[in-house]
Amino acid sequence: MHLRPEERPVAMLRPAGLLASGGLLLITLWRGEPPVDRRMFDIPPEDVAGQGVQAGLRLLRTVAEGADRLGRDAVHWHAVALQLG
């Protein structure tokens with residue numbers, strides 16, 4: 001969510017390369033309007049899942065975690081679980 005779209009596929013290779021066989025990668029995503037004072041992008045979990053698969057990982061699941069724990073109405077979270085091997 002902090003990387004521009006063109007940076008994401010290459011960036012996914014780094015954590016994928018650090019996993020041992022069977023290792024898990026869990027990525028949480030802020031969903032909603034990004035704050036104006038931070039470089040953030042609203043990225044769909046499907047995009048992260050696809051980039052993980054392209055990096056050699058297997059999608060386990062995506063989870064809509066729902067409301068923001070800090071009570072921000074315009075923010076909700078998703079998680080993407082990927083596995084190597």
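The mean positions of the 10 positive and 10 negative charges of the protein chain lie 8 Å apart. Here Lys and Arg count as positive, Asp and Glu as negative, and His and the chain ends are left out. Each charge is placed at NZ of Lys, CZ of Arg, CG of Asp or CD of Glu. This is a predicted model: local features need pLDDT of at least 70, side-chain atom pairs count only at pLDDT 80 or more, and totals for chains, interfaces and linings use all residues. Residues are numbered from 1 along each chain as its sequence is written, and side-chain values use heavy atoms, without hydrogens or water.

**Overall build**

- The protein chain has two helices and three strands. These are DSSP runs numbered from the N terminus: helices are H or I with at least four residues, strands are E with at least two.
- Along the sequence, the pattern is α-β-α-β-β.
- A box of roughly 40 × 25 × 20 Å, taken along the principal axes, holds the C-alpha atoms of the protein chain.
- Of the 85 residues in the protein chain, 34% are buried. Buried means under 20% relative accessible area, exposed means over 50%, and partly exposed lies in between (1.4 Å probe, protein chains only).
- The protein chain has an accessible surface of about 5,500 Å², and 57% of it belongs to carbon and sulfur atoms. The areas come from the Shrake-Rupley method with a 1.4 Å probe; for residues, only the protein chains shown count as cover.
- Take the contacts (heavy atoms within 4.5 Å) between residues at least 6 apart in sequence: 62% of them join residues at least 24 apart.

**Helix 1**

- Helix 1 spans residues 8-18, and Arg 8, Met 12 and Ala 16 are buried in it. They sit on the same side of helix 1 because they cover an arc of only 75 degrees around the axis. That arc is taken from the directions from the helix axis to the C-beta atoms.
- The buried residues of helix 1 pack against strand 1 (24-32), helix 2 (45-54), strand 2 (57-67) and strand 3 (75-84).
- The face turned away from the buried side carries exposed residues: Val 10, Arg 14, Gly 17 and Leu 18.

**Salt bridges**

- Side chains of opposite charge can pair when their charged atoms come close.
- The structure holds five salt bridges. Each is a side-chain nitrogen of Lys or Arg within 4 Å of a carboxyl oxygen of Asp or Glu.
- Arg 4 pairs with Glu 6, with the closest N and O atoms 2.9 Å apart. Arg 4 is partly exposed at 35% relative accessible area, and Glu 6 is exposed at 56%.
- Arg 4 also forms a salt bridge with Glu 7, at 3.4 Å from N to O. Glu 7 is partly exposed, at 25% relative accessibility.
- Glu 7 forms a salt bridge with Arg 39 as well, the closest N and O atoms being 2.7 Å apart. This pair links distant parts of the chain, 32 residues apart: Arg 39 is in the loop between strand 1 and helix 2, Glu 7 in the segment before helix 1. Arg 39 is partly exposed, at 40% relative accessibility.
- Together, Arg 4, Glu 6, Glu 7 and Arg 39 are linked in a network of salt bridges.

**Pro 45**

- Pro 45 is in helix 2. At 2% relative accessibility, Pro 45 is buried.
- Leaving out residues up to four places away in sequence, Pro 45 touches Leu 29, Arg 31, Thr 62, His 78 and Val 80.
- Pro 45 and Met 12 are 33 residues apart along the chain, and their C-alpha atoms are separated by 13 Å.
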